[in-house]
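Biologist: Could you walk me through this one? I'd like to start with the strands and then jump around a bit.
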Amino acid sequence: AYYSEGDGGVNVLYYLAKKLEESGKNVRMYPTFGMIPSPHFNKYYNNDFDITDCIVIYCEGTIGNPLCARYSIRWMLSELGQNVPHHYMNSWNQKELVYYFNTENKIESAPELQGTIYKILPLLIIPPIFKNMNNVRIKNSCCFSIRKGAHMRKTLVQAHPQNSFEITRHHNHNKLFEIFNNFETFVSYDPLTFLNIMAVLCGCISIVVPMPNMSKTEWLKTTAGYRYLLSKNIEFYYGIAYGEEDIEWAKSTIHLAKQQWDDIITYNNKYYESFIEDLNHLEDGTLQNTVENNYLK
């Protein structure tokens, strides 16, 4: 994986490597396009061991098993068909194990399969730079970002004010910290970008432009913190509005966002512990969360 500060998926891959090493595993990142320093993990594969006799974790964007690893795991950082074509799945080994970063609607519609066929690994990392400096914000200021919204939506209907500032992938964390601490609102066309969380942690109201034919509840079910919300009987994320009708509520709760995301990360750690336990059972054939069971039945 090629490290990029602005790519949330790449960041969590490096963070998983860090967590796995802390759990006592011998871990390396495979430098497909060169080595860029990461704040999470910086050990790269250099013929340290037989790569065909180890576990390789791929994201959904990798076709097949290019490293010819004995065991491969597919970590779905986005829903199949969202960022990569469905046919990528045809190149994966049917016995390969599958874990989901976000809770997809298909998982929530089949509670009897959760924890066996469907397993989630919502490993979140929040860079410490994102905090509210309590600045005097630019009056009536708005920033926005399109990101994955460009291909997740059939048409892009403008929901931000005409004079809004666009956030692109060229803005690094330092610049995002500055933007979110000076603007009042952030409008997001990408319903799953981590920018939504970065914004509220900096005190900037986040407004997710509703997806066509997707209710607020349906959207919540596709997010990495949904299981936590369900366990606490909470109906929404603090500081984040799904559409304009939730803006006032988001304003009134944004001061609670930091604690909520700290709690979500703590809650989600149980899924990581379950993942570590699964790694001890790769050879006994008991694990059912295979590509075959997730996508072909």
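Modeller: Two strands pair if DSSP finds at least two bridges between them, and strands (E, at least two residues) and helices (H or I, at least four residues) are DSSP runs, numbered from the N terminus. This is a predicted model, in which local features need pLDDT of at least 70 and side-chain atom pairs count only at pLDDT 80 or more, while totals for chains, interfaces and linings use all residues. Residues are numbered from 1 along each chain as its sequence is written, and side-chain values use heavy atoms, with hydrogens and water left out.

Biologist: OK, how many bridges join strand 2 to strand 3?
Modeller: There are 4 bridges between strand 2 and strand 3, and the two run parallel; tryptophan 75, for instance, stands opposite tyrosine 99 in strand 3.

Biologist: And which way do the residues of strand 3 point?
Modeller: In strand 3 (residues 97–100), Leu97 and Tyr99 point one way and Val98 and Tyr100 the other way, and all are buried, where buried means under 20% relative accessible area, exposed over 50% and partly exposed in between, with a 1.4 Å probe and protein chains only.

Biologist: Why does serine 72 count as buried?
Modeller: Serine 72, which sits in strand 2 (residues 71–76), counts as buried because its relative accessibility is 12%.

Biologist: What does the side chain of serine 72 make a polar contact with?
Modeller: Its partner is the side chain of glutamate 96, at 2.6 Å; a polar contact is a pair of N or O atoms within 3.5 Å, and within protein one must be able to donate a hydrogen and the other to accept it, with residues adjacent in sequence counting only if both atoms are side-chain atoms.

Biologist: Switching topic, where is histidine 171?
Modeller: Histidine 171 lies in the loop between strand 5 (165–166) and helix 4 (173–180), and at 15% relative accessibility histidine 171 counts as buried. A polar atom of the histidine 171 side chain lies 3.0 Å from the backbone nitrogen of threonine 168.

Biologist: How far apart are histidine 171 and glutamate 5?
Modeller: Histidine 171 and glutamate 5 are 166 residues apart in sequence, yet 9.4 Å apart in space, C-alpha to C-alpha.
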